[in-house]
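Subject: Structure handover

Hello,

Here is the structure I said I would pass on. My notes on it follow below.

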Amino acid sequence: MKAQLLRKINSRQAVVGIIGLGYVGLPLLLAVNRAGFEAAFDRFIGRAQADGSMFAIIMIDLDRFKEINDLHGHQAGDTVLVETAARMRAVLTEGDVIARLGGDEFVVLTRFDDPGRIGLLTERLSDEARR
């Protein structure tokens, strides 16, 4: 499963956000790039194997993002990405990871004890992405 997911991720062009505390690319994006996601994914898998903890992968695709770029230019599109990432980041907890895989696609890694939390988090992320 990991190899299949990573193949899908590797087939997309990633735009760099931040990795750790070092800014690269769009400094306000508050999202890691594909390499940062892969490293975080490995950490999440390692911890799950070591202690049996559970984690979820939540995919977020922004609707009508191409229209924003086409009608208002890439600078406006970048502003939308930065604002959307910041709003989604605000609903995450410490240790969660948000990454921009490319274009209008984001992915969140989050640990959980209660599966009901994932449904609620997904709804909140979706609400923030639509704002």
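**What was found**

At 61% relative accessibility, R64 counts as exposed, where exposed means over 50% relative accessible area, buried under 20% and partly exposed in between, with a 1.4 Å probe and protein chains only. R64 lies in the loop between β3 and α3; helices (H or I, at least four residues) and strands (E, at least two) are DSSP runs, numbered from the N terminus. R64 also has a positive phi of about 65°, although it is not a glycine.

Before the rest, two notes on the basis. This is a predicted model, in which local features need pLDDT of at least 70 and side-chain atom pairs count only at pLDDT 80 or more, while totals for chains, interfaces and linings use all residues. Residues are numbered from 1 along each chain as its sequence is written, and side-chain values use heavy atoms, with hydrogens and water left out.

**Overall layout**

The protein has five helices and five strands. Read from the N terminus, the order of elements is α-β-β-α-β-α-α-β-β-α. Of the 131 residues in the protein, 38% are buried. A contact here means heavy atoms within 4.5 Å. Among the contacts in the protein with a separation of 6 or more, 62% are between residues 24 or more positions apart.

**The strands around β5**

Seven of the eight residues of β5 are buried, so this strand is largely enclosed by the rest of the structure. Two strands are said to pair if DSSP finds at least two bridges between them. β5 pairs with β3 in the antiparallel sense over eight bridges, and with strand β4 (residues 97-102) in the antiparallel sense over five bridges.

β4 and β5 form a hairpin with two residues between them, and G103 in the turn has a positive phi of about 50°. β4 is mostly covered, with six of its six residues buried.

M54 belongs to strand β3 and, at 38% relative accessibility, counts as partly exposed. Although M54 and F112 are 58 residues apart along the chain, their C-alpha atoms are separated by 5.8 Å. Not counting residues up to four places away in sequence, M54 touches T110, R111, F112 and D113.

**The nonpolar cores**

In soluble globular proteins, nonpolar side chains tend to be buried together. A nonpolar core is taken as a set of buried Ala, Val, Leu, Ile, Met, Phe, Trp, Tyr and Cys residues joined through side-chain atoms within 4.5 Å. The largest such core has 18 residues, and those that touch the most other members are I58, I60, I98, F106, V108 and L125. Two or more residues of this core come from each of β3 (54-61), α4 (74-90), β5 (105-112) and α5 (115-130). There is also a second, separate core of 11 residues, including F41, V97, L101 and L109.

V108 is in strand β5 and counts as buried, at 0% relative accessibility. Leaving aside neighbours within four places in sequence, V108 is in contact with A56, I57, I58, I60, L92, V97, I98 and L125. One of these, L92, is 16 residues from V108 in sequence and 8.9 Å away in space, C-alpha to C-alpha.

**The largest pocket**

Pockets were searched for on a 1 Å grid over the protein atoms alone: a cavity is a set of points where a 1.4 Å probe fits but cannot get out, a pocket is an open set with protein on both sides within 12 Å along at least five of seven lines, and lining residues have an atom within 4 Å of a point. Grid points are joined across faces, edges and corners, and a volume is the space filled by probe spheres set on the points.

The largest pocket has a volume of about 390 Å³. Its lining has 22 residues, of which D61, L62, D63, A129 and R130 lie nearest the centre. β3, α3 (65-72), α4 and α5 each supply at least two residues of this lining. By class, the lining has 10 nonpolar, four polar and eight charged residues; Ala, Val, Leu, Ile, Met, Phe, Trp, Tyr, Cys and Pro count as nonpolar, Asp, Glu, Lys and Arg as charged, and the others, Gly among them, as polar.

Regards
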